[in-house]
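Hi,

Here is the structure I promised to pass on.

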Amino acid sequence: MRSIAFIAPLAILQGAAAQQIYDIWQTTWDRSNLFTYFQPTPDPIDFVTPGAAASADISVDDSSVYQTIYGFGASLTDSSAQLLSNLKTQNSANYWELMDYLFNVTDGANAAGFSYIRVPLGASDFSASLYSLDDTSGDTSLGSFNIDAAPSYVFSTLTDILSINNRLSVHILPWSPPGWMKSGSTMDGGTLDSQYVDTMANYLLKSLQGFQSKNIPVYALSIQNEPENSNPTYPSCSMPVAQEAAIGTALRSLMNSNGFTSTKLIGYEHNWSDAANYPVQLMQQAGSSFDGVSFHCYEGAVSDMSSFTSQYPSKEVYLTECTGTIGSDWWSDIKWYMDNLFIVGPQYGASNGLMWNLALDGNGDPILSGTNSCASPGCRGVAQINSDGSYSLNQEFYSMAQASKAIIPKDVGGPFGQRIGVSVSGSLSWSLIVGAYVTGRVSSTDWNRYAIVVLNWDDSSTTTWNPVPVEATIEFRGMQATYTFPVGVTTLWWYAAPN
Ligand SMILES: *[C@@H]1O[C@H](CO)[C@@H](O)[C@H](O)[C@H]1NC(C)=O
Ligand SMILES: *[C@@H]1O[C@H](CO)[C@@H](O)[C@H](O)[C@H]1NC(C)=O
């Protein structure tokens with residue numbers, strides 16, 4: 001890939017006219033390109049004095065700059081970590097090849113650069129056994145708290161990811177408090193007894209300290225996964241708003257007095273459908289303790305997030321969970337993911353985008369024994385790891401890789417991308433779903449990277465299948481480039497002086 005250092009001197013001589021598209025990453029509906037890098041034809045594509053707008057005309061407006069995107073990724077469940085760890089033992093070349101392809105965030109690497117990982121505290125429905133980090137009944141001082149109750153493969157895998165990508169944001173949260181703090185005395189379903197609110201806040205502080213003791217920096221912490229879901233077959237806990245607010249208030253204060261002032265506290269962690277209620281009430285009751293809230297895709301629509309963001313525009317919004325289902329259609333899934341999570345999610349304010357399990361086998365295993373979660377045909381991981389030491393990547397990977405490439409730092413130690421304004425007009429405007437991002441530089445004299453992620457879904461899939469490439473004009477600062485987008489997802493970028 002050509003570097004900006006090579007382009008810039010020429011570009012400066014030629015002024016604004018020298019903005020050029022050099023680099024393209026593409027995934028097409030027919031899989032002829034799978035997150036494939038190439039240089040365009042002509043190479044490069046110049047931004048020139050505008051001619052007529054194409055039937056799909058993309059206007060990139062870098063005078064509107066919105067939230068930073070901290071990255072795309074998935075949850076490192078116990079099951080995912082176990083499979084990855086087994087792969088490392090069985091075929092370490094395949095392991096490191098896969099890990100590099102997932103996480104290498106270096107500009108120019110042939111890799112997705114996933115930079116956001118969510119990690120369950122204690123067991124989830126994707127664990128080998130039911131456990132918490134303190135299973136000593138009645139231990140209100142948490143003297144028996146033990147971070148090593150978690151399988152060692154969780155920490156070794158996280159350490160390996162950090163060795164590839166030291167910009168990783170790690171977001172930790174429990175699927176349930178320890179069973180002894182709950183009605184029914186089990187992690188499987190039920191509620192937290194109200195007398196353990198402060199104990200639970202302390203448990204979460206100790207979890208932060210446990211990760212610190214493993215040299216794993218924690219970016220964010222949530223109090224309870226899916227607080228509106230109590231299921232007796234796997235770790236879960238129904239937690240009313242007032243209780244999450246009380247734990248959050250106590251925990252924020254503990255974090256501030258124990259060196260975790262910059263660690264974010266994120267609330268809710270559940271379906272879009274209740275965006276107007278639970279997360280809004282949580283902010284009303286304990287807004288100063290929380291940096292934002294996170295959403296799951298399982299019910300409602302991405303647009304529901306507006307009923308939260310319109311009331312709390314200064315709070316952050318995260319998309320922390322959605323799962324693929326085994327057997328679903330590859331290209332239909334990619335269209336849905338781009339239109340609901342990885343292009344359109346940020347347009348509704350999301351600061352990240354995550355799927356559920358980072359890795360599973362071809363049957364959606366291993367899964368907690370006896371759970372009815374992810375019932376047949378099973379949940380699909382971002383990566384599939386097979387018992388023979390081979391692996392493959394699913395549609396969830398390609399969707400997120402295309403989005404991730406647009407926002408990873410340009411420079412070592414540089415900032416992640418920020419969303420900027422973009423709109424599509426013309427008679428074929430419906431055919432393209434577009435996100436636009438600016439990525440700043442470490443040196444103020446270097447040019448910013450401007451990237452667009454484009455879904456072309458003009459495929460007539462509801463009538464007679466007919467994928468149609470769409471020629472589009474791209475307008476930027478009064479200049480115009482032209483590119484024909486095949487049906488698929490395309491990420492491309494150019495460089496320009498900071499606005
Ligand atoms: C990441 O990719 C870059 C560029 O291809 C390569 O030089 C580097 O070794 C990779 N880093 C790791 C940790 O694999
Ligand atoms: C929300 O999501 C969960 C998945 O955990 C699902 O089981 C549940 O039915 C949904 N409930 C509501 C009310 O949105």
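How many residues does helix α5 have, and how far does α5 reach from its first C-alpha to its last? Keep in mind that this is a predicted model. Helix α5 covers residues 197–213, which makes 17 residues, and it reaches 25 Å, close to the 24 Å expected at 1.5 Å a residue.

Of the 17 residues of α5, 12 are buried, so the helix is largely enclosed by the rest of the structure. Among the buried ones are Val 197, Met 200, Tyr 203, Leu 204, Leu 208 and Phe 211, and the list also includes Thr 199, Asn 202 and Ser 207. As for what sits over them, the cover includes the strands β7 (116–121), β8 (169–174) and β9 (220–222), along with helix α6 (241–257). Just after α5 comes Asn 215, with a positive phi of about 60 degrees.

Next, the sheet. It is an open one with 9 strands, and if you want to trace it, the order is β3-β2-β24-β21-β20-β19-β5-β22-β23, with mixed pairing. The edges are taken by β3 (36–38) and β23 (479–485); each has a single partner strand, so one side of each is left without a neighbour in the sheet. From one strand to the next, the twist averages 25 degrees.

At the β3 end, strand β2 (residues 23–28) runs antiparallel to β3 and is joined to it by 3 bridges. Gln 26 is the residue opposite Thr 36 in β3. Helix α11 (residues 395–405) packs on the sheet too, touching β2, β21 and β24, and its direction makes about 165 degrees with that of β2. Helix α9 (residues 330–342) lies across β20 (432–439), β21 (448–456) and β24 (488–496), and runs at about 130 degrees to β21.

Which residues surround ligand 1? They are Asp 100, Asn 104, Thr 106, Gly 108, Ala 109 and Ile 164. By class, that shell has 2 nonpolar, 3 polar and 1 charged residues.

Around ligand 2 you will find Glu 226, Glu 228, Asn 229, Asn 271, Ser 273, Tyr 298 and Glu 299. Here the classes come out as 1 nonpolar, 3 polar and 3 charged residues.

Cheers

How values were computed. Residues numbered from 1 in each chain as written. Chains lettered and ligands numbered in written order. Predicted model: local features only at pLDDT ≥ 70, side-chain atom pairs only at ≥ 80, totals over all residues. Helix = DSSP H or I, 4+ residues; strand = E, 2+ residues; numbered from the N terminus. Expected span 1.5 Å × (residues − 1). Buried ≥ 20, exposed ≤ 12 C-beta atoms within 10 Å, placed from the backbone. Contact = placed C-beta atoms within 7 Å. Pairing = 2+ DSSP bridges. Axes fitted to C-alpha atoms, helices over the stretch in contact; angles between N-to-C directions. Near = placed C-beta within 6 Å. Nonpolar A, V, L, I, M, F, W, Y, C, P; charged D, E, K, R; others polar.
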